[in-house]
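Let's walk through this model together, one group of elements at a time. Keep the sequence and the 3D view open as you read.

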Amino acid sequence: MSSGPGGAGRVSSDRMSLLVKIARMYHEQGLRQPEIADRLHISQSRVSRFLKEAVSIGIVRTVVVPPPGVFSELEEAVRDQYGLSDVVVAGPSTDDDSAVLAAIGGAGAAYLETTLIGAERVGISSWSASLLAVVEAMSPRATRTADVVVQVLGGVGNPRVQVQATRLTDRLAQVTGGTGLYFPAPGVVSSSAVRDALLADPYISDVAAAWSSLSVVLVGIGSVQPSPLLVSSGNALPTADLDALRTAGAVGDVCLRFFDADGALVETDLHDRILGISADALRAIPRKIGVAGGPRKFEAIRAAARGGWIDVLITDSFTARRLVD
């Protein structure tokens, strides 16, 4: 909040002495402006003008000192470098997957509890460990923070575990007070004809129609290298599909819309077999919140930010530093 170089040089020494005195009385000694005016026998309006002048010529400078565990400068660096609207960085003690999940889960919960308002129409992607960490860390609010919570992608992987996607939507609806709209379908089917047939179902088509009116969507950022947890739990794409995506240059996905290292959409045979929100409809949502972290997700997170697949990123400090390096 100081002036340009040499601003103080145009002030007489007597006036400079008075400016410093008033600045110290106000900022260091904690005196209020009326008290300073009484002590110096000048008007309060002059005290106010002197304080503003002390700021303008650099006698008084405002410095914000973030406490440990707050990463405001890092958040701003990632935001500016990738053109995002907001970035939230959590600070786990290590880059171990479990520590990262816990940290970004808490940070994501705090962000949603702060920024969701009652009229929001919230979309949520299919099951992911990151999204599960966020919704489990959220506490039910006394007032409604969402009007409706809509599932935007069917369950992925083994039919026995596809129900996790519905449970995730249900949990978010409970903590926000919103009405849950569930998408009771697999996320990937055998052919485009099967996809079209399922989308013709009246209930499924009604849920799909709600995607165009979403104000915000909460998504995980997937990698074409699924974690051992996803593979063992059955929440992963078939190996043949993953191999085809890697061959086509894909590095990650949001809502099973896969993209390359620059964030450009990658289309394979899988693209027409997905039961979920389209790439265009997803991009049209005003606020897209991506939650992901950890070394395995780095390339996918960077590509999602580069390609405009997310507007807000919630990640860990280790990943954030890599993003700006």
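Two strands pair if DSSP finds at least two bridges between them; helices (H or I, at least four residues) and strands (E, at least two) are DSSP runs, numbered from the N terminus. This is a predicted model, in which local features need pLDDT of at least 70 and side-chain atom pairs count only at pLDDT 80 or more, while totals for chains, interfaces and linings use all residues. Residues are numbered from 1 along each chain as its sequence is written, and side-chain values use heavy atoms, with hydrogens and water left out.

Ser-223 stands opposite Gly-252 in E7. The strands involved, E6 and E7 (residues 252-254), pair in the antiparallel sense over two bridges. They belong to an open antiparallel sheet of three strands, in the order E6-E7-E8. E6 (222-223) and E8 (257-259) stand at the edges with a single partner strand each, so one side of each has no neighbour in the sheet. Helix H13 (residues 298-306) packs on this sheet and touches E6, E7 and E8, its direction making about 95° with that of E8. Contact here means heavy atoms within 4.5 Å, and angles run from 0 to 180 degrees between N-to-C directions, with axes fitted to C-alpha atoms (for helices, over the stretch in contact).

| Residue | Phi | Relative accessible area |
|---|---|---|
| Cys-255 | about 55° | 3%, buried |
| Leu-256 | about 65° | 7%, buried |

**The seven-stranded sheet**

Seven strands form an open sheet with parallel pairing, in the order E1-E10-E9-E5-E2-E3-E4. Its edge strands are E1 (86-90) and E4 (179-181), each pairing on one side only. On average, neighbouring strands of this sheet are turned by 20° against each other, direction ignored. Strand E3 (residues 148-151) runs parallel to E4 and is joined to E4 by three bridges; Val-150 stands opposite Leu-181 in E4.

Helix H5 (residues 97-115) lies across E1, E5 (216-220), E9 (287-291) and E10 (312-316), running at about 150° to E10. H6 also packs on the sheet, touching E2 (121-124), E5 and E9, and its direction makes about 125° with that of E5. Ala-129 is in helix H6 (residues 129-137) and is partly exposed, with a relative accessible area of 25%.

**A helix pair**

The axes of H1 (residues 13-27) and H2 (residues 33-40) come within 10 Å and cross at roughly 135°. H1 and H2 are therefore oblique to each other; angles under 35 degrees count as roughly parallel, over 145 as roughly antiparallel, 65 to 115 as roughly perpendicular and the rest as oblique. The contact is made by Leu-18, Lys-21, Ile-22, Met-25 and Tyr-26 of H1 and Gln-33, Ile-36, Arg-39 and Leu-40 of H2.

**The whole chain**

The protein has 14 helices and ten strands. Of its 325 residues, 48% count as buried.

Terms used:
Buried means under 20% relative accessible area, exposed over 50%, partly exposed in between (1.4 Å probe, protein chains only).
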